[in-house]
Amino acid sequence: MFKKKSLLLLLLIGLLVFFVACGDDSDDTTGGDEPGTEDVTDGTDEGDEDGLPYTTDPEMEYHYFVGATGTEVNTLDTELGQKFKEETGVSFQIEFLVGDLMERLGTMVAGGTYPDVVTPDHGIEMLLDAGALIPLNDLLEEHGPNILEVYGDNIDRFTMTDGNIYYLPFGITVGEHVPDPNINQGAFWIQRDILIQNDFPELHGIEEYFDLITAYADENPEIDGMTTIPFTGLTYDTNWFTFSNIPNHLAGFPNDGGVQIDMETYEADVYGDSDAAYQWLKKLNELNADGYVDREMFVSNMDDFLSKISSGRVLGFFAYGWQFGQARIALEDAGVPEREFVPLPIVLDDTVEKDQYLDPPSFVQNRGLGISVNAESPERIIQFIDNLVREENQTLVKWGEAGRHYEIDEDGMFYRTEEQVELVSDQDERDAFGMTAFEWNWPVLSGTMSDGNSFNPNGQPAVAALEYDEDDWQILDAYGVETYSQLFAEPDERPWFPAWSANIPQGSEPNLFEARAEEVTQNYYPRLVLAAPGEFEALWEEFQTAYRSADYIDEYLDFFTTTIQERMNGNWQFEYFD
């Protein structure tokens, strides 16, 4: 069972960064002209015994605020943090979000007092509008040669229209794109025992999916003495997008946020009141009337959701893989493989030719790490990051230490023994070494190294194979695949992806519609699911009127259509708003 834990722990990383109407902020990002990953910092510095061109005196500790949940850490409490301090003289006290992000950022702006370094997540526009982040252009030119090298042509994508760079996005692909063999992204999940008891049926549409679940629930009203929950969902607070995105995926589209992009015209449209949304909500309404939907689905918080999933009594749900890694580990530790979950690419029905759950190679340019106006000696922060993205250090962050966390075969390819898979699955080891502190919320590399190894261990075939135990292979063999991602259709090429990463200024017309649309769906979707079946049609018409009458819907669609067209022409930052 320990074989899969390192994979599941990766799902708990700062991948948990919230995306506005998104899934997984995965680090699958295109690398422009695929710059090499060789270290370019071969200069010398008087104070550096290793010949690295970084100032190490005086020692500096910076306050880094991350606008997402996590566990506070001082980088000096990790082995990697100690190493990086020796190389740069810099360390960080990393604080994570507690409470509401926009309220916390608003307090910073009102007081004009900011942490030295900040990842404001979806509140980045607020800090940009407040002038809280300093331009990085000159600092990068003088102190960040490695940073400039790894971003390559992608730098143009996050250079703002005033010509300045204010933040550094996290995910950077260099070399070759390496797809994730597992499902970090969206899927309909089903309890493994349901598939086993039904001889591993082929499932395509929601009717087939729910037919299996309801039949199993009828036969198993209780699981281990607990009432069976046939279907639940994640709807709490900033995770509302998880539920509101479902019609989009059922219609065969990837997660472009609140819009779907026509593959022929490249025009944007909303889907909140689409036919897929109607059919999905009507199906849930019918299931709810028959007692198959979790009655607490619209009032449960994240902890409640994870507790239910880890209990083993939930049969099915929709979520992004990175959202419930804790629950998956709990099920592993409980030793009940039949209660674990399998991801499925469910679509509406046979009218949807293929699913598009897997993200194509992408670049998320509207999230990242910025240096605030309050930071002293900001060049030291840039030097730290420049050192961090060197291939040697990225290998330590992603793989660990050779001979301890991984081995190297005669061809120079990295692999792990079963004992090493167990070691890197130990959260205490990951914390102490520094993997947890540095594997996200910083510019990090994915793709391939200069020697052909994958930066991400689970992208290495020899490691991916060890992540699966005999229970996984029972499922994979039954469906004739070698990885869970092979259950899903290959993603179509979408050069603009993801649309949701467009920078939308706070208070702009598209931003106002986005907020109003979310407000309307949060009001009506639960009522549509929980209503008496005879009230559904009238309530749906009421919802459609409220949704389509929201101010600035035309401006919202025009903004995203323009964004797609500009990106298709290679322009990711352009003047749209006066």
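E519 is partly exposed, with a relative accessibility of 46%. The model is a predicted one, and in it E519 forms a salt bridge with R516, whose closest N and O atoms are 2.5 Å apart. R516 is likewise classed as partly exposed, at 35% relative accessibility. Both residues belong to helix α21, where a spacing of three residues separates them by about one helical turn.

## Packing of α21 against α23

Helix α21 (residues 509-530) packs with helix α23 (residues 553-568) at an angle of about 115°, and the two axes are 8 Å apart. The helices are therefore roughly perpendicular to each other. The crossing of α21 past α23 is left-handed. On the α21 side the contact is made by E509, P510, F513 and E514, and on the α23 side by I553, E555, Y556 and F559. Five of these residues are nonpolar and three are charged, while none is polar.

## Salt bridges elsewhere

The whole structure contains 21 salt bridges. One of them joins E87 and R390, with the closest N and O atoms 3.8 Å apart. E87 lies in helix α2 and R390 in the loop between α14 and α15, so this pair ties together parts that are 303 residues apart in sequence. E87 is buried, at 5% relative accessible area, and R390 is buried at 5% as well.

A further salt bridge, 3.4 Å from N to O, connects R404 with E401. R404 is partly exposed at 25%, as is E401 at 35%. These two residues take part in a network of salt bridges that also includes E79 and E429.

Definitions and conventions:
Residues are numbered from 1 along each chain as its sequence is written. This is a predicted model: local features need pLDDT of at least 70, side-chain atom pairs count only at pLDDT 80 or more; totals for chains, interfaces and linings use all residues. Side-chain values use heavy atoms; hydrogens and water are left out. Axes are lines fitted to C-alpha atoms, for helices over the stretch in contact, and angles run from 0 to 180 degrees between N-to-C directions. Helices (H or I, at least four residues) and strands (E, at least two) are DSSP runs, numbered from the N terminus. Angles under 35 degrees count as roughly parallel, over 145 as roughly antiparallel, 65 to 115 as roughly perpendicular and the rest as oblique. A crossing is left-handed if the near helix is turned anticlockwise from the far one by less than a right angle, and right-handed if clockwise. Contact means heavy atoms within 4.5 Å. Ala, Val, Leu, Ile, Met, Phe, Trp, Tyr, Cys and Pro count as nonpolar, Asp, Glu, Lys and Arg as charged, and the others, Gly among them, as polar. A salt bridge is a side-chain nitrogen of Lys or Arg within 4 Å of a carboxyl oxygen of Asp or Glu. Buried means under 20% relative accessible area, exposed over 50%, partly exposed in between (1.4 Å probe, protein chains only).
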